[in-house]
Amino acid sequence: MSEKKQQVSRRQFLNYTLTGVGGFMAAGMLAPMLRMAVDPVLQESGHGDLTNVSLAVEDITTDPQRIDWKVKQVDGWYESEVNRSAWVFKDENDEIQAFSPICKHLGCVVSWEGSDEYPDQFYCPCHDGRYYKDGTNVPGTPPLQPLDVYEQEVRDGMLFLGDAVPREGA
Amino acid sequence: MLQKIYDWIDDRIDITPIWRDIADHEVPEHVNPAHHFSAFVYCFGGLTFFVVVIQILSGMFLTMYYVPDIENAWKSVYYLQTEVAHAQIVRGMHHWGASVVIVMLLLHTLRVFFQGAYKKPRELNWMVGVLIFFIMLGLGFTGYLLPWDNKAYFATQVGLEIAEQVPFIGEQLKTLLAGDANIVGAQTLTRFFAIHVFFLPGALFALLAVHFILIRRQGISGPL
Ligand code: HEM
Ligand code: FES
């Protein structure tokens with residue numbers, strides 16, 4: 001043993017190495033598990049194509065009508081056709097509006113004039129949420145944002161709808 | 001015969017002090033309903049544990065038939081409900097027990113609260129108790145989806161929307177729970193199943209162990 005003052009004792013050195021190696025092994029085990037668990041969060045959410053919803057533009061009225069259509073959905077290893085719905089109408093500027101029926105409060109389904117007490121509004125039966133005809137939420141009712149809007153396009157006089165997206169500046 | 005087996009084992013590994021240490025202790029008079037009937041309020045903690053044991057046992061047996069797959073989950077529950085002898089009873093225990101356990105937990109919490117039993121030095125055990133409460137809510141939430149009927153599906157849909165309301169990380173949290181950003185489907189069911197039968201029970205056991213060890217170290221709180 002040298003007389004020199006030891007910076008790191010043998011015991012400390014062994015402690016550090018053991019902790020280091022142990023930590024490395026633990027990380028090596030846990031990293032793949034955690035990465036696997038968070039994978040869905042890190043996936044790019046794919047952008048759906050627009051689908052023909054079988055509604056001719058000339059049949060769209062100023063009164064919101066509910067339309068249903070099907071899209072192909074890939075859920076991991078499971079592929080299926082799923083139903084989508086929208087409330088579609090022409091607003092006062094003659095522009096087509098297509099709103100998602102999913103309530104922005106907690107996700108129930110809203111309907112146009114769903115309550116006799118509130119004509120000319122979208123109504124959610126779950127907690128009496130309401131929206132004006134332009135889709136904006138009625139202040140003082142549970143929803144805090146306007147209804148989502150479907151991406152839309154008109155091709156050959158037919159309405160095509162894509163994903164429902166939240167509006168800017170809610 | 002049994003005594004002989006016990007002695008044979010005890011002779012070699014000295015197990016008496018182990019179980020003595022766990023089981024051999026006096027029940028103070030003020031928590032004994034035989035002395036003061038009102039002491040029945042002290043039973044709620046034990047009753048909560050009792051129902052947890054029922055949940056775990058009935059849940060283990062349900063997994064012998066249940067499959068967490070969206071094509072078959074509902075059918076497997078329907079099958080065990082209608083075709084398997086006594087499975088209706090086991091599912092009933094799990095189904096009703098899930099509600100009873102929350103009721104017991106609340107009664108136990110109320111007792112601790114109104115007796116002020118959470119005060120120093122028992123604050124830590126109150127905190128552990130709150131964690132147990134959240135785990136239990138998580139078990140109820142994830143279990144509710146498993147039968148994969150309409151009620152289960154839409155309850156989860158709404159539950160996930162609630163998770164989405166969490167500030168800043170809401171959307172990620174929802175995706176992490178559902179396994180997909182937009183779909184409540186195949187990946188949601190497998191995730192909820194894993195969380196329901198492995199992750200949360202594991203966490204529950206650990207917390208219950210801490211809860212009980214703390215009780216043994218600190219003793220039950222004194223009479224009012
Ligand atoms: C405190 C503990 C637990 C609570 C509160 C709980 C709660 C629930 C609930 C509410 C359901 C839905 C039942 C229904 O709608 O009929 C359920 C289903 C289920 N649970 Fe649990 N659970 C617990 C522990 C466990 C454990 C430890 C396991 C397995 C090891 C398990 C396995 C299952 C299975 C396989 C189902 C689906 C079958 C069915 O829906 O009847 N559970 N649980
Ligand atoms: S979910 Fe529509 S008002 Fe609450």
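In chain A of this predicted model, 3 strands form an open sheet in the order 5-6-7 with antiparallel pairing; strands are DSSP runs of E of at least two residues, helices are runs of H or I of at least four residues, and both are numbered from the N terminus. Two strands are taken to pair if DSSP finds at least two bridges between them. Strand 5 (111-112) and strand 7 of chain A each have a single partner strand and stand at the edges, so one side of each is left without a neighbour in the sheet. Strand 6 (residues 122-124) of chain A pairs with strand 7 of chain A over 3 bridges, in the antiparallel sense.

Residues are numbered from 1 along each chain as its sequence is written, and chains are lettered from A and ligands numbered from 1 in the order in which they are written. Local features need pLDDT of at least 70 and side-chain atom pairs count only at pLDDT 80 or more, while totals for chains, interfaces and linings use all residues; side-chain values use heavy atoms, with hydrogens and water left out.

Strand 2 (residues 65-75) and strand 3 (residues 78-90) of chain A run antiparallel and are joined by 11 bridges. Lys72(A) has Glu81(A) in strand 3 of chain A as its bridge partner. The two strands form a hairpin with 2 residues between them, and Gly76(A) in the turn has a positive phi of about 60 degrees.

Asn137(A) lies in the loop between strand 7 (129-131) and strand 8 (149-155) of chain A. Asn137(A) counts as buried because its relative accessibility is 18% (buried is under 20% relative accessible area, exposed over 50%, partly exposed in between, with a 1.4 Å probe and protein chains only). Its side chain reaches the backbone oxygen of Pro143(A) at 3.2 Å. Beyond neighbours within four places in sequence, the contacts of Asn137(A) (heavy atoms within 4.5 Å) include Arg130(A), Tyr131(A), Tyr132(A) and Leu144(A).

Aromatic rings of Phe, Tyr and Trp (its six-membered ring) pair if their centres lie within 6.5 Å, with planes under 30 degrees apart counted as stacked, over 60 as edge-to-face and the rest as tilted. By this rule there are 18 aromatic pairs over all chains. The ring centres of Phe49(B) and Phe212(B) are 5.2 Å apart and the planes stand at 90 degrees, so this pair is edge-to-face. The pair links distant parts of the chain, with Phe49(B) in helix 3 and Phe212(B) in helix 9 of chain B, 163 residues apart. Phe49(B) is partly exposed at 38% relative accessibility, and Phe212(B) is partly exposed at 34%. Phe113(B) and Tyr118(B) form a stacked pair, with 5.9 Å centre to centre and 20 degrees between the planes. Phe113(B) is partly exposed, with a relative accessible area of 42%, as is Tyr118(B), with 28%. In chain A, one aromatic cluster is formed by Trp87(A), Phe89(A), Phe99(A), Trp112(A) and Phe122(A).

Of the 21 residues around ligand 1, Arg91(B), His94(B), His95(B), Gly143(B) and His196(B) come nearest (a residue is near a molecule if one of its heavy atoms lies within 4 Å of it). A polar side-chain atom of Arg91(B) lies 2.7 Å from an oxygen atom of ligand 1. Polar side-chain atoms of His94(B) and His196(B) each lie 2.8 Å from a nitrogen atom of ligand 1. The elements giving two or more residues to the shell are helix 3 (43-62), helix 5 (87-114), helix 6 (123-145) and helix 9 (186-218) of chain B.

Technical notes: Polar contact = N/O pair within 3.5 Å; in protein donor to acceptor, adjacent residues only side chain to side chain.
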